[in-house]
Amino acid sequence: CSLVDALRKGNNSAHGNEFQSWVWQCKKSTVLSALNRWKRRQRLLQDGSLERPAFVWWCFFCNNQYRMLQDNVQKSCEDLASIFGNNVKRIGKMWMLMDSLQDPKYVSRIWCIFEVFVARMHVHPCSVSLPENDKEALFLNNLVTVEHLEKACKVNAGNASASKKADEDGIKELIINKHGSFEEVNKV
């Protein structure tokens with residue numbers, strides 16, 4: 001089962017109300033720092049619990065990775081995009097967990113770029129989730145314009161990669177077939 005299925009028996013899981021997009025290569029410390037930073041920015045009740053409980057849909061915990069790989073049957077990019085799209089549409093918003101705002105790994109990964117594109121095409125808000133560290137604080141303090149941020153997070157879907165070449169090729173083919181180029185995706 002997926003990890004979240006193991007929590008269901010004790011009523012410790014529910015339908016997601018937050019969608020987490022991330023790079024599989026993120027360090028555990030980066031993820032935990034970003035999640036802690038997000039929690040500190042939420043409205044808390046007097047007992048320290050969240051005003052609105054957060055149930056994060058996060059592929060690592062929600063997809064049954066074993067079952068997806070068990071029969072060695074590859075899901076097509078169209079199938080995976082549909083699964084992703086249905087989940088982000090149901091939830092209605094997405095976090096982009098980035099390791100940094102300066103040359104983030106996130107914008108070099110085609111799945112991440114595609115996830116943001118799909119979320120924005122459905123007019124769902126996307127927010128950035130960052131770890132707290134001195135380097136990021138210094139960068140944010142020196143961030144003056146939107147152009148500066150755009151330059152630091154430049155997206156080029158044509159150069160983005162995936163862990164599996166078949167996924168990379170499939171997503172790029174989906175983009176080209178639908179839009180004729182990467183320009184629209186890069187812009188979004």
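Trainee: Is Asp169 buried, exposed or partly exposed?

Mentor: This is a predicted model, in which local features need pLDDT of at least 70, side-chain atom pairs count only at pLDDT 80 or more, and totals for chains, interfaces and linings use all residues. Residues are numbered from 1 along each chain as its sequence is written, and side-chain values use heavy atoms, with hydrogens and water left out. Buried means under 20% relative accessible area, exposed over 50%, and partly exposed in between (1.4 Å probe, protein chains only). Asp169 has 38% relative accessibility, so Asp169 counts as partly exposed.

Trainee: Which residues does the network of salt bridges around Lys165 and Asp169 join?

Mentor: A salt bridge is a side-chain nitrogen of Lys or Arg within 4 Å of a carboxyl oxygen of Asp or Glu. Lys165 and Asp169 meet in one at 3.1 Å, N to O; they are four residues apart in helix H9, so about one helical turn separates them. Salt bridges that share partners make one network of Lys165, Glu168, Asp169 and Lys172.

Trainee: Is Glu168 buried or exposed?

Mentor: Glu168 forms a salt bridge with Lys165, the closest N and O atoms being 3.6 Å apart. Both lie in helix H9 (residues 165-179). Glu168 has 12% relative accessibility and therefore counts as buried.

Trainee: How many residues apart are Glu132 and Arg37?

Mentor: The side chains of Glu132 and Arg37 meet in a salt bridge (3.6 Å, N to O). Glu132 is in the loop between strand S4 (126-129) and helix H7 (134-142), and Arg37 is in helix H2 (residues 28-40). The pair links distant parts of the chain, and the separation is 95 residues.

Trainee: How many salt bridges does a search of the whole structure find?

Mentor: Among them are Glu132 with Arg37 and Lys165 with Asp169. For the whole structure, the search finds seven.

Definitions and conventions
Helix = DSSP H or I, 4+ residues; strand = E, 2+ residues; numbered from the N terminus.
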